[in-house]
Structures are given as structure tokens and as C-alpha cells.
Amino acid sequence: MRSKRLRLIYNPYAGRRRLTAQLDTVIRIFQESGHEVSIHRASSPEDVEQIASQSMDVDRLVIAGGDGSIHQAVNGLLQISAEKRPVLGILPVGTANDLAYALHLPKTIPEACKVIGKGNSFEMDTGKLNDRYFVNVASAGLLTDVSQKVDTRVKNTLGQLAYFLKGIETLPSFRPFHIEFENEGVRYSEEVVLFVAANGLSVGGLRTLVPRASLTDGKLDILIVPAAGWPETLRLLLSILRGEKANNEKIVEFHSSNLKVITDRPIHSDLDGESGPESTWHIQIGPKISVLC
């Protein structure tokens, strides 16, 4: 029986360089599980996507990094036809590791390697915003681009605390924006401070934001926080952080598999913690992808 071919792409700066110190252990576990291993040290996010898009020569593509690295890898993999596309494996060494949480992956690197070695996989939904795919969340508005603004060294030192500190810093300069869309015959037109289309169970480390979301139901969980003056807006955001939004009738929630959102001015989106397209947005369910878990 031939060895299964596995390519490991790793972000050397993710998660306080946790993987770098355990790289030999990772290689050993993969080889002991019958894999022929090749390794690529990513020099940039774009490098991850490019290498992933050229990985039709392997059976499994393993990405070691956070949600942003997984995002780049998936956008590369989905450039490969389904019959030639390798199965995706994940070593969660980022800050929030939202997708790894949704997949119930082990937190330690050796245990996550063993999961990949066993080879059990399932077909996971992806989302698509215009021409970019996302695996966990597409969002816009207050606090959503914080991960893009936090310095990598600060993120590695402070972890999720760095996100919250940077988020507080952005509050005074934030302007609400107007959105319009139609869903199941109902037209929505509102000033908002936050728009979220979630595929996974956790967003930015918030484990209770979309607790009923599913990675396999072919739908996205839409969450919208309307603008209501800063005291009320802050109260709404705090209710989300505490997991109490279900009791707040002002927060809009529904499911959708296809949505076109128009805004009153160009608004940047965030996809899995990476910069995404400006509005207008066509948000829909993308193709499924095989993931080891």
C-alpha cells in the first residue's frame, strides 16, 4: 500500500510560535500514521492560498495556524476541482481557533495530529461573499475588523484580550451604516452597527454568539445589531457578549442561504479575520469541503 501524501503548511508566527517548537513531533506522528510528509513554511497569507491551490498532488493538506490561515487555505483548495482536491486537516495554533472549536478538535498539537492521522472526515459547508469563500464568518461593522488591526506580536502576547482592547479603541470613531436586503419576501431597511453571517458556532472567540449554527445545514446564521444611540447600542453589544441576545427583541436573527446586501456607502467586510470585499455583498452558501476531524 502506498503512503498517503500529506503537505503541511504552517504559519511560523501563529500562537506564540507553538508549532515551531514541536515540528519534529508533528512530522513523527504523521509519518507513523503512514504519511509521506512535505512541509511548506508560509511567508505570507497569500503564500498559503497559492500553495493550497497547487496541492492537487497530495491526499491531505494540513494547515497549522489560526482561522485566517485556514481561510486562505480554503480559498486555495476551492480553486481545485472536487475530484482532485485534498482533504483539509487543521492544527489549531491561532488565537481564537473558532473553526477548531466548532469541529471539537483537540487543543494540543500532538492530539490534533493524531486526529489527522486517523483520517476520519466529513463534508463541511463553506460560505461565499462575492468572489471570496469563508469557513466561519463574514461580518461588517463595529469590532469586526479588529483582528486585522492588532499587531501580530501584541496578539501573540495578549491573546484574545488584544482584540477587546483594540475594539474599545475604535468605538469613538465608528459610524453606523444603512443596509437593505430582502429575505423570504420581507424587505429590511435599517441603520446598523453590526452585520454577521456565520457558518460556524463561534465568532472571534465568542462561543455563544450563534449557538444553534451548523456547519452542515446548508444555511448561514444572520445576526444584525441596529443602531440605537450609543448607550442602547453598547447595551445590545454587551448582551451579545454575555450570551443574552435571545432575550432582546431588537437584535435581528434569521437563517439564509442566499442574500444580497446593499449599503449606503462602501463598507469593508471581514472574512474569518481577514479583509474581505467592500459592499455591495452577495452572500451565499458555497461548495462543501472535506475536513479531517
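Me: How many bridges join strand 8 to strand 14 (residues 269–271)?
Reply: In this predicted model, Ala 138 has Leu 271 of strand 14 as its bridge partner. Helices (H or I, at least four residues) and strands (E, at least two) are DSSP runs numbered from the N terminus, and two strands pair if DSSP finds at least two bridges between them. Strand 8 and strand 14 run antiparallel, and the number of bridges joining them is 2.

Me: On what basis are residues numbered, and which atoms and confidence limits apply?
Reply: Residues are numbered from 1 along each chain as its sequence is written, and side-chain values use heavy atoms, with hydrogens and water left out.

Me: Which residue in strand 10 does Ser 139 stand opposite?
Reply: Strand 8 (residues 137–141) is mostly covered, with 5 of its 5 residues buried, where buried means under 20% relative accessible area, exposed over 50% and partly exposed in between (1.4 Å probe, protein chains only). Strand 8 also pairs with strand 10 in the antiparallel sense over 5 bridges. Within strand 10, the residue opposite Ser 139 is Val 196.

Me: Is Glu 191 buried or partly exposed?
Reply: Glu 191 has its place in strand 10, and, leaving out residues up to four places away in sequence, its contacts (heavy atoms within 4.5 Å) are Pro 176, Phe 177, His 178, Pro 226, Ala 227 and Asp 264. The C-alpha atoms of Glu 191 and Thr 263 are separated by 9.5 Å, although these residues lie 72 residues apart along the chain. Because its relative accessibility is 34%, Glu 191 counts as partly exposed.

Me: Why does Asn 75 count as buried?
Reply: Asn 75 is placed in helix 4 (residues 67–77). Leaving aside its neighbours within four places in sequence, Asn 75 is in contact with Glu 49, Arg 132 and Tyr 133. Asn 75 counts as buried because its relative accessibility is 4%.

Me: Which strands and which helix do the buried residues of helix 3 pack against?
Reply: Helix 3 (residues 45–53) has Asp 47, Val 48, Glu 49, Ile 51, Ala 52 and Ser 53 as its buried residues. The elements that these buried residues pack against are strand 1 (4–10), strand 2 (35–41), strand 3 (60–65), strand 7 (132–134) and helix 4.

Me: Which element has the lowest mean pLDDT?
Reply: The protein chain averages a pLDDT of 85, and 82% of the residues score at least 70. Among the elements, strand 6 (residues 127–129) has the highest mean, 98, whereas the lowest, 50, belongs to helix 8 (residues 152–158).

Conventions:
Predicted model: local features only at pLDDT ≥ 70, side-chain atom pairs only at ≥ 80, totals over all residues. pLDDT = per-residue confidence, 0-100.
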